[in-house]
Amino acid sequence: MQLIRRKAYARAGLVGNPSDGYHGKTISISVTNLAAEVVLYEWDRVEVVLSQEDRSAFRSVHELVDDVQLHGYYGGVRLVKATIKRFVDFCRSSGLSLHRRNFAVRYQTSIPRQVGLGGSSAIIVATLRALMEFYEVDIPLELRPSLALSVETDELGIAAGLQDRVIQVYEGAVFMDFARERMQTTSGLTYGAYESLDPARLPPLYVAYRADASEPTEKVHNDLRQRYERGDADVLAAMSRWAELATEARDAILAGDGDRLGRTIDENFDLRRNLLTIPKRQQQMVDVARQCGATAKFAGSGGAIVGTYPDPAAYQQLVKQLGMIGCRVLKPRMIPTKTAASGA
């Protein structure tokens, strides 16, 4: 029996726009310490197997409420089902034939939910990889993030952007340019210009997350999107500066200038703090990290932070001090990006 196992990793937004939906620029890294894994094997019918997150029995109503707040009403099964549908739709529209063998599929994940580390998109990307192998279909690399994005935006009506899917498809560290003039469309899917960066050029990085400080991405970005579409001068200026910071950070990484990269990370968050109301628990994470001598910004919408630190002693302080407020701290492991820049 053919057994396919495919993973997609957590991600952290290092510098740039809070979302790529504003035609800006951003840099993200993959975090292989945390992953979603999909297992797919031939079966007599198509079956999506429930995982540990797709519960329907609880010890009390309070446990049910806690589970819904953490995982939503549908867990990850809806993501897997929607990915299968979009994959089939794309293959049909692209004239790609699929064999008639059936399969069972299940997933598991160690990525904490709703802390801005790309947990939902990782399930989708891992499922897409497994389907491509099972059906022996090769979708162009630059299109895969856009196809993964369409699972949430088109099938499930979830507000999302390309950033998470790009880094989870390409892995390593990637500079993304979503300027209008850099966007291209192929097979109905729109994508930007993606440049792989060498993770070995990065200074020491840390990622920390706090489950009790989570906040859904759409809650943060919906207000920002409304202000952007109204032409809010502060938002437009911030978007422009975030894009500049991403370019500056790219140059710093290529030059091996960790101090300069750290300054872009700090300014990135300070700009966000001047623009949006930051929940106290999330602000506390940044404050504590900076008190330890590290730089800090949100890794995503909130609930997780990322930054640089100067030496091992500072990292030990991060572990200790952030641990005292309920955070897990880790050194992100990254694998070199396997494919050269595409979409440029």
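Buried here means under 20% relative accessible area, and by that cut-off cysteine 91 is buried because its relative accessibility is 0%. Please keep in mind that this is a predicted model.

**Cysteines**
- A search of the whole structure turns up zero disulfides.
- Cysteine 327 takes part in no disulfide, and the nearest cysteine sulfur, from cysteine 292, is 11 Å away.
- Cysteine 327 counts as buried because its relative accessibility is 9%.

**Aromatic pairs**
- The count of aromatic pairs comes to nine.
- One of them joins phenylalanine 103 and phenylalanine 134 edge-to-face, with 5.4 Å centre to centre and 70° between the planes.
- This pair links distant parts of the chain: phenylalanine 103 belongs to strand 4 (residues 102-109) and phenylalanine 134 to helix 3 (residues 119-135), 31 residues apart.
- Both phenylalanine 103 and phenylalanine 134 are buried.
- Phenylalanine 269 and phenylalanine 298 also form an edge-to-face pair, at 5.2 Å centre to centre and 70° between the planes.
- Because phenylalanine 269 lies in helix 8 (residues 258-275) and phenylalanine 298 in strand 10 (residues 297-298), their pair ties together parts 29 residues apart in sequence.
- Phenylalanine 269 is buried at 1% relative accessibility, and phenylalanine 298 is buried with a relative accessible area of 3%.
- Phe87, Phe103, Phe134 and Tyr135 are linked into a cluster by ring pairs.

**Charges over rings**
- Arginine 101 lies over the face of phenylalanine 134, 5.6 Å from the ring centre.
- Arginine 250 places its charged end over the ring of phenylalanine 175, at 5.7 Å from the centre of that ring.

Technical notes: Residues numbered from 1 in each chain as written. Predicted model: local features only at pLDDT ≥ 70, side-chain atom pairs only at ≥ 80, totals over all residues. Heavy atoms only, no water. Disulfide = S-S within 2.5 Å. Buried < 20%, exposed > 50% of the residue type's maximum accessible area, 1.4 Å probe, protein only. Phe/Tyr/Trp six-rings, centres within 6.5 Å; stacked < 30°, edge-to-face > 60°. Helix = DSSP H or I, 4+ residues; strand = E, 2+ residues; numbered from the N terminus. Lys NZ or Arg CZ within 6 Å of the ring centre and 35° of its normal.
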